[in-house]
Structures are given as C-alpha cells and as structure tokens.
2 protein chains.
Amino acid sequence: MPRPSLKDTRTDEILEAFMRCVARYGLDGSTLERISEEAGIGRPLLRHYLGNREQMVAQFIDYVTRKFDGMTTELFDALPETNRMDVLIGALFGREDYQPDNAAVFQAMVAASDRYPGIRASLLKFITGFEERVAGEIQRQKPQADAGSCAIAASGLTAIYFNTAAIMPLKPENHWQNRQRQAAQRLLENL
Amino acid sequence: MPRPSLKDTRTDEILEAFMRCVARYGLDGSTLERISEEAGIGRPLLRHYLGNREQMVAQFIDYVTRKFDGMTTELFDALPETNRMDVLIGALFGREDYQPDNAAVFQAMVAASDRYPGIRASLLKFITGFEERVAGEIQRQKPQADAGSCAIAASGLTAIYFNTAAIMPLKPENHWQNRQRQAAQRLLENL
DNA sequence: TGATTAATTTACAATATTGACAATAAACGA
DNA sequence: TCGTTTATTGTCAATATTGTAAATTAATCA
C-alpha cells in the first residue's frame, strides 16, 4: 500500500556520485552540496537516505570496499580458459574503458586513512587480494616457476598497474602507457 | 631602517604546512585555518604573506614543482661514483627517512589537475624527468643494453617506486615492501 | 476516492570558511 | 628617543557548509 521505496536505487546513485566527487575533490573536499548536485537530487535527500555526513562516509567506505572487491572478482572471473595472462594484461593496460575515478578514489582514501579507521585494513586487504590473484595467474601460466618469484612478479605488475591507473588523469602520452605495459610484461619473462 | 623581513622564511614555513595539509586533506580540504594552525601562525598572516586563497594555491603549485625537481636532482647528484644503481635502489626503497607526504601531495595534485591548469604539465614533466634519470643510471650500469630496454626498465622501476611511496600511509608490512623492491630489481636483470 | 507510506521540497539555525581591513607590537637605524 | 617599516593580532562581514525539522507531493492499494 505504501509508495514504492527507492532507497536502494537512490542509495546507489548517491554513493556513485560520492565516488566521483571524492575522485576529484578528495574526501574532505566532497561537500554534501557537491554530492547532491552530482547525483542530481536535493541535498536533504542525502540525509533522508544515508543520514548525516559521518554516517554517509561510513557507508561510502563500505560501498567502495565492496565495489573494489566486486570489480576484482569480476575481472578475474571473466578471463578465458586459455591465454589468460595476455587477456589480463590487455584488460589492465588497455585504454578502452578506462575509469580513472577508481584509482583516484583509492588514492583519496589512502590520504584519509589515518583519520577514518577501517580504511587502512580495507585497502590493504584489497591490495594483497589483488596481488594474490595475479600471482595465481602467473603461476598458472608458468607452473614450473617457484611461488616466491611469482609473488614478486605479481607484486611488481600490480604496482605498475596501480601507478598507471593513478596517473591516467594526467592524460599521459600513449608511448608512456606502452612502456608501462612493456615493463609489466618484462616481469613475466624469465620465470 | 625597517624591521627585518621574514617574508622568505614565513613563506616557506607556510608552504611547507600547506604541503602537509594537502597530503592529509587534499587540495580542497586544506582550509586556511588548518594551514595556519599547521604552520603555527595566525590565519591573517597567510594573507599577509601569500595573498588570498587563489594566489596561495598558485604559489603552492609552483613551490611543489620546484621542490620535486630539487629533490630529484639532489637524489641523483648524491649517488657515488661506483655502485650507483644499488645506492639508488636503496634510497628509493629503503625505509629510513621516509616522507610519505610527498607522494600524497603528488596524488592530491593529480586529482586536482583538471581544475588547476598548470598542474598537469608540471607533473608530467616531473615524471618523465625522473624516468630519464633512472634510465640514464641503468644505461650507465649496462652499457651494452639498448636504450629502449633501459627506458622500459626505468619506467617500470619508477612506477613501482611511485606506487610504493603512495601506499606508505597504509603502513604495509615489511615483506610487502621487500617484494616491491625485489620486483624493481628484477627489471634490471636480463638486460 | 481515501488511507498510508515514502519521496521530495522548503525553511531555518548553527557552524565553518574566507575576505578584508584596522589596530597594535616589534625591530631597526638615525 | 623617534620615525619607518614590517610582523602580528583583532575584528567584522559575506559566504559556504552542515544539521534538522516541518510541510508538501507522489505513488500504491483497499
């Protein structure tokens, strides 16, 4: 009998707008006014759906954490049976569907990690989880390589990818991105 | 006859405090109140020495640019005659005198690069300049290697270093940092 | 149509931030 | 000591941001 609830939809829209603002202005630079404008709704609705700023930030951290995890699993689950490593490299260093927002959000959260408890553990878990997935793929491609070397290569490959994503807002030239990808591939050789 | 001017000293102190604030709160999150508190002076002094916020930000960008360039030349000029590459790796991935602020400032400026014209060119120039220095060191150590491979290795090594520095606020475990350094060293092998 | 529940808007108070200028204090030389 | 210049502080207005509650509108079903 009641009016249908838009809580889930609106909550997602607001948190997505929050992410875009954090990517541009940082966590403290993301005012409620900016977020509501970015989401295309009135500011009081932020409060209606997510509560005050403190509660919003808490849910934001949770949302981003889950989103990063989801994107990671989605990325690796989409790899084909064969040629997985090449597809992975292509996905990480391809310039097709790039969303520089995610890396910027990541960096903004790192910067705020000392003030908002919970961020640090979440991001560290995300990083190590990502590295472990990459290491698994490397080990799968090179079964004879020892696990330690695979872990090192995975760590380096992940670092190069993260750095590339973080610098994308500067719109670096293509040959710079190519060098990043080639450096990542070098780590996979001689295993 | 006049009272001696503290303009240079205070200007530096303020800009250094500005950097620490940007590292924590981002460019838009760095309020004049926070900066003045971090600098240990009254807020009106910010205006006295650096003008209004817009003028402060302009000088901040210039200051950071020059500082990054200065730190780069200082780093490479301090390398000894022999064993340069090992010393360089030690300086980049050592955990002695780490200042996570610089990397955080860098990331905050990347995030703000689309709103503040001039940031993009400055940071890109800094990155390529850093990579070229690293490439020069690699080439010096391995004279028989071709320049393209040196550039790729330098690009990867720089990326891993930048990423490591960016993540330092999360206080990652030592073995994670060790893997980063080992991955960087892998790029130098087989040239 | 009316009741009910949620969405949305309006409105106002409290606080934070910035801009701007006047007033005061301090250091230096004549 | 006096005059000059600068550092430092005090103060207020304008704007921005957030918190909060009430009022209004809209959708669904009986």
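Okay, so a salt bridge here is a side-chain nitrogen of Lys or Arg within 4 Å of a carboxyl oxygen of Asp or Glu. Keep that cut-off in mind, and also that this is a predicted model.

Here's the pair I want to show you: Arg179(B) and Glu131(A), whose side chains meet at 3.9 Å, N to O. That counts as a salt bridge because the cut-off is 4 Å. Between chain B and chain A there are four salt bridges, and the polar contacts come to twelve residue pairs, both partners at pLDDT 80 or more.

So where does chain B's side come from? Five helices, α1, α6, α7, α8 and α9 of chain B, each supply at least two residues. The largest share is from α8(B), with eleven residues. By type, chain B's side divides into 23 nonpolar, ten polar and ten charged.

Now the symmetry. Turn chain B by 180°, with a shift of 0.0 Å along the axis, and it lies on chain A with an RMSD of 0.1 Å. That's the relation of a two-fold axis. In chain B, the C-alpha nearest that axis belongs to Gly29(B), 2.4 Å away from it. And the same surface serves both copies, as 100% of chain B's contact residues recur in chain A.

Last bit, the area. We have 43 residues of chain B in contact with 43 of chain A. Together the two chains bury about 3600 Å², and 61% of that is on carbon and sulfur atoms. Which residues of chain B lose the most area to chain A? Those are Ile152(B), Leu170(B) and Arg186(B), together 19% of what that side buries.

Methods. Residues are numbered from 1 along each chain as its sequence is written. Chains are lettered from A and ligands numbered from 1 in the order in which they are written. This is a predicted model: local features need pLDDT of at least 70, side-chain atom pairs count only at pLDDT 80 or more; totals for chains, interfaces and linings use all residues. Side-chain values use heavy atoms; hydrogens and water are left out. Copies are superposed by least squares on the C-alpha atoms of residues with pLDDT of at least 70 in both. Contact means heavy atoms within 4.5 Å. Buried area is the accessible area (1.4 Å probe) that two parts lose on being put together, summed over both. A polar contact is a pair of N or O atoms within 3.5 Å; within protein, one must be able to donate a hydrogen and the other to accept it, and residues adjacent in sequence count only if both atoms are side-chain atoms. Helices (H or I, at least four residues) and strands (E, at least two) are DSSP runs, numbered from the N terminus. Ala, Val, Leu, Ile, Met, Phe, Trp, Tyr, Cys and Pro count as nonpolar, Asp, Glu, Lys and Arg as charged, and the others, Gly among them, as polar.
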